[in-house]
Amino acid sequence: MLNEIDIAIIGGGNAGLTLAAQLAQQASPPRTLIIEPRTPEQRDCSWGLWAKAPQVKQLERAALGRWPRWQLIDHDQRVIHHSRDYSYLSLSAARYLQDCASRLREPVSLVQESVNSLQADGDQIRVETDKQCYRASQVYDSRPPKIIENGLRQHFLGWHIQTNQPIAETDIATLMDFRVDQSRGLHFIYALPFSDHQMLVESTLISRQIEPKEWYQQAIEGWLQTNGIEVDLLLSEEVGVIPMDKLAEDHLQSPSTDHAQIASIGAASGAVRRSSGYAFQHIQQQMRALAAGIANGDRRVPAPIANRLTAMDNIFNGVLLSRPDLAVSLYMRMAKALNGDQFARFMLGQASTADWLRVIAAMPKMPFLRQLLHV
Ligand SMILES: Cc1cc2nc3c(=O)[nH]c(=O)nc-3n(C[C@H](O)[C@H](O)[C@H](O)COP(=O)(O)OP(=O)(O)OC[C@H]3O[C@@H](n4cnc5c(N)ncnc54)[C@H](O)[C@@H]3O)c2cc1C
């Protein structure tokens, strides 16, 4: 049997379920099906982002923690930011996805199936899953992208722990503590205190090569020891790899990638910021704009990140790779050049010209000029 639908969304992750929840709120939603094989619990991890008060409120059901201050640390200094407008927020991916799913209503629905293939079928797309077939006039594909071979990645392992003693400074999120082994690439500890006895500690590496699990675990143990934090209980472990490079030409798993009725969304459409790995807010903006477009009869997917910004990020990454000796100082200089509001805007891809000028002025000129000439 072929089920006729208007829109098939492949993958009910951040992009897919955000889009579906927004379509479900519209006055006359299109017949939409989200096809996702896994439950939110199976995909739980923490998503960090900067948000202003109204969005913090909107996301509060999924929030694991919120911090008015954040810091970057190296052997010489500690840069602490405080923002008037933004908080740093950590969300439970599972809770966020459950919340989106709870807002779906007919004719927008979710099925637990896995897409095997997409094929053009007249003026429709035939979507074949492990259980059945659908015909849709539009497909939005959010299946995770492949990146180019040997591409730059951000990879990490994190522990959610309960501590023996109370944690100090629970109002500060540590975004990057560089006082760890730098021999395998740019390495830092990301630490979020969720309460005075619970925190997430992640060892994050920006490099081309994934290390064995034990490498990250040892880095976490070393950092905990240095900071006098004793683990009472390991509550959960999370691992992840985020692409920070070009997507492979054939990254869409569909054979008809040139078909206008099949478009990628979310990370698969290039929504991950290449210099930082942050994607949540870019995906939110892309899905808001797409849902508004669909309501007005325009099904094209807006670019998640401006080309100009991606070009700047590529130059930054080029310097990172060609001058690993400067890598830590690039992030520290950037953090030092900006205040909390400016830094949050910068990380969100909303930096003003003045913010950019501050960052450019703080960077070492020759490596960037060389990279620019190289590009
Ligand atoms: C562990 C981790 C932590 C991250 N942390 C942050 C963070 O702190 N801040 C931030 O801004 N960004 C973060 N990111 C980057 C980005 O925000 C997330 O990757 C985000 O989930 C991307 O959303 P998406 O919808 O594009 O992809 P996903 O959320 O990955 O959704 C894709 C979906 O496709 C489904 N799928 C796969 N195969 C099939 C199939 N055959 N049929 C149907 N469905 C299929 C998958 O199950 C998945 O649910 C993180 C990424 C990872 C991996």
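How do the residues lining the largest cavity divide into nonpolar, polar and charged? They divide into seven nonpolar, three polar and no charged. Keep in mind, as you look around, that this is a predicted model.

**The whole chain**

Let's step back and view the chain as a whole. The chain contains ten helices and 17 strands. Its radius of gyration is 21 Å, close to the 21 Å that the globule rule gives for 375 residues, so the chain is as compact as a globular protein of that length. Along its principal axes, the C-alpha trace spans about 65 × 50 × 40 Å. Of the 375 residues, 55% count as buried.

| Domain | Residues |
|---|---|
| domain 1 | 2-66 + 93-146 + 248-295 |
| domain 2 | 153-243 |
| domain 3 | 307-374 |

Notice that domain 1 is written as three stretches of sequence, 2-66, 93-146 and 248-295. The C-alpha centres of domain 1 and domain 3 lie 31 Å apart. Where these two domains meet, nine residues of domain 1 are in contact with 14 residues of domain 3.

**The cavity**

Now back to the opening question. A search of the whole structure finds one cavity of 30 Å³ or more. The largest cavity holds about 60 Å³ of space. Its lining is made of Gly48, Leu49, Trp50, Tyr278, Ala279, Phe280, Gln281, His282, Met347 and Leu348. The elements that give two or more residues to this lining are β3 (46-52) and α5 (280-295).

**A pocket between domains**

Next comes an open space. The second largest pocket contains about 430 Å³ of space. It is lined by 19 residues, and those closest to its centre are Met312, Ile315, Trp356, Ile360 and Phe368. What does its lining have by class? There are 14 nonpolar, two polar and three charged residues.

Where does the second largest pocket lie? Domain 1 and domain 3 both give residues to the lining, so the pocket lies between them. Several helices take part: α6 (307-322), α7 (327-337), α8 (340-347), α9 (353-362) and α10 each supply at least two lining residues.

**Two residues to look up**

His374 sits in helix α10, which covers residues 365-374. Is His374 buried or exposed? Its relative accessibility is 65%, and exposed means over 50%, so His374 counts as exposed. His374 and Ile315 are 59 residues apart in sequence, while their C-alpha atoms are 9.4 Å apart in space. Ile315 is also one of the residues closest to the centre of the second largest pocket.

Gln26 lies in the loop between α1 (14-24) and β2 (32-35). With a relative accessibility of 14%, and with buried meaning under 20%, Gln26 counts as buried. Which residues does Gln26 touch, not counting those up to four places away in sequence? They are Arg105, Ala291, Ala292 and Ala295.

Methods:
Residues are numbered from 1 along each chain as its sequence is written. This is a predicted model: local features need pLDDT of at least 70, side-chain atom pairs count only at pLDDT 80 or more; totals for chains, interfaces and linings use all residues. Side-chain values use heavy atoms; hydrogens and water are left out. Helices (H or I, at least four residues) and strands (E, at least two) are DSSP runs, numbered from the N terminus. Buried means under 20% relative accessible area, exposed over 50%, partly exposed in between (1.4 Å probe, protein chains only). On a 1 Å grid over the protein atoms alone, a cavity is a set of points where a 1.4 Å probe fits but cannot get out, and a pocket is an open set with protein on both sides within 12 Å along at least five of seven lines; lining residues have an atom within 4 Å of a point. Grid points are joined across faces, edges and corners, and a volume is the space filled by probe spheres set on the points. Ala, Val, Leu, Ile, Met, Phe, Trp, Tyr, Cys and Pro count as nonpolar, Asp, Glu, Lys and Arg as charged, and the others, Gly among them, as polar. Domain bounds come from an automatic or database domain assignment. The radius of gyration is taken over C-alpha atoms; the globule rule is 2.2 Å times the number of residues to the power 0.38. Contact means heavy atoms within 4.5 Å.
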